[in-house]
Amino acid sequence: MSQPRRFTETALILAWRNLHNFYTSPALIIPALLFPLFFFTAFAGGLSNVENVPGFDFPNGYTAFQFGFVLMQSAAFGGVFTGFGIARDFESGFSRRIMLATPHRTAMLAGYAISSFVRAVVVGAMLFAIALAVGMDYSGGVLDTVGLVALALGVNMLALLFASGVAFRFRTIQAGPLMQTPVFMVLFLTPVYVPQALLHGWIESVAAVNPLTFVIESGRSFIAGVPEELLLAFGFGAVAALVLAIWSLTGLRKAEQAGG
Amino acid sequence: MNRPSTFDQTREVARRSVLATIRQPAQWAPALIFPLFLVAVNSGGLNAATKIPGFPTDSYLTFALAIPFMQAGIFSLLNAGTDLARDIEDGFLDRMALTPISRSALLTGELAGVVVQGFMFGAIFLAVGLAAGADFESGAVGVLLLLALASAITLALGCVGIFVAARIGSSEAVQGLFPLFFMFLFFSSMAMPRPLIEQDWFRAVATANPISYLIEGVRGLFISGVDGEQLALAFGICAAITVIFMFGATRALSARLGR
């Protein structure tokens, strides 16, 4: 069997195993589906009056405004939860066996990435359907939707690369807070509830320099059908992907040196 | 040998519970840091909401300061429940069953740590809030009422935690309560006063949600001064939760200890 085929096979087997575990385990799938929905209904339902604040200028209303954030948040947490899965595989000894079985250890990362993408697509599609069903005003065309999905998958990949780097280094689920907390904090240091111009105090300054702000605002602009800040959003994504890929791969090397 | 009084028994278990809480920063630190981080983010992020006509204050920080009290309460639920579940899992409770200690002393003692934590965190949240520029309209009496309510909230939610622990005996099951109570918190008047919630269904859920009245009890002390009705509701709900779940926990523990 040729080496590339073995790489692909390893990646696909790992992805299938992860997805199988995910979709057959209620403890994993229920929170993954319910949490984004819960955030979406809590934010869009409880805070809808915020669209009446003077200066709130998002044209598609508060439900669509919040959808832009919750979609990115669910994509990010899809990546983080895949990181939890990596840590669990190390704890259970599964990763050690995979490392013994394949010469292509980067195929492990590729497998986890595939499963993370599939999870993000499924959760995102469910969120999209529910948002449209409850009357979200969506003005994006086909290209805007492609751009929005690309942004969400990009966020998913960045979160996965970060979380996998932590998981490869610590190889225990006890490192969960180290994967989750930074992602949570970076997400909430963006214009979550109101547009950037309506932020107040220290959060205004922090959000202005938080690169994820461009991603969130760019996602919202796709929803409104008037794409903005694309260069900043995708440019940041590309640079962050490079840095986090190095973080993840060096973590994988450390895991190899430790023998899984 | 004389059998120790219930008070002595409670005091010993309480001492163990308080020390266990103090010695585990991993348990109490998130309950302190996470709510303060969120209130800092939300007060800047949602300050514009104070411009909505009818909003009760011009400072979202003052409005949002009630939320950490509830989040700390939820953490106390987890901590109290996890402590008891761990005592069940590692056999501590079985050893206690061989002694003449009363069930109520055991449970009351187990809750002491979270009540102390609730009191301390209440004082810290108030101090941090005032230092950050929040208003507090209730004066010195209000401070005492606030700390009493913070303790009552942690006690009430702690009772829910020990009920689940005594009933199921698994720390994992107790941890599973976190998302559930987070949902209670989010579907309350946490982020917006109830009359200003636009969506009818959300306002109805928030009105039926007892957590709304606990938040409003704390919030009233910051925004409008001592309001007897609001406080009576908040303390009343805390008392009801405490009595119901303490009773349930005592029965569950009786069944578990076989006496």
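Me: Before we start, how are residues, chains and ligands labelled, and which pLDDT values count?

Reply: Residues are numbered from 1 along each chain as its sequence is written, while chains are lettered from A and ligands numbered from 1 in the order in which they are written. In this predicted model, local features need pLDDT of at least 70 and side-chain atom pairs count only at pLDDT 80 or more, whereas totals for chains, interfaces and linings use all residues.

Me: Thanks! How many helices and strands does chain B have?

Reply: Helices (H or I, at least four residues) and strands (E, at least two) are DSSP runs, numbered from the N terminus. Chain B has twelve helices and zero strands.

Me: What radius of gyration does chain B have, and what would a compact globule have?

Reply: The radius is taken over C-alpha atoms, and the globule rule is 2.2 Å times the number of residues to the power 0.38. For 259 residues that rule gives a value near 18 Å, and chain B agrees with 19 Å. Along the principal axes, the C-alpha atoms of chain B fill a box of roughly 65 × 40 × 35 Å.

Me: What share of chain B is buried?

Reply: A residue is buried if 20 or more other C-beta atoms lie within 10 Å of its own, exposed if 12 or fewer, and partly exposed in between; the C-beta atoms are placed from the backbone. In chain B, 49% of the 259 residues are buried.

Me: How many residues does each chain bring to the contact between A and B?

Reply: Two residues are in contact if their C-beta atoms, placed from the backbone, lie within 7 Å. Chain A brings 25 residues and chain B brings 20 residues. On the chain A side, helix 2 (26-46) and helix 8 (202-209) each supply at least two residues, and the largest share, five residues, comes from helix 2 of chain A.

Me: Is Arg171(A) buried or exposed?

Reply: Arg171(A) is buried, because 22 other C-beta atoms lie within 10 Å. Glu229(A) has 18 such atoms within 10 Å, so Glu229(A) is partly exposed.
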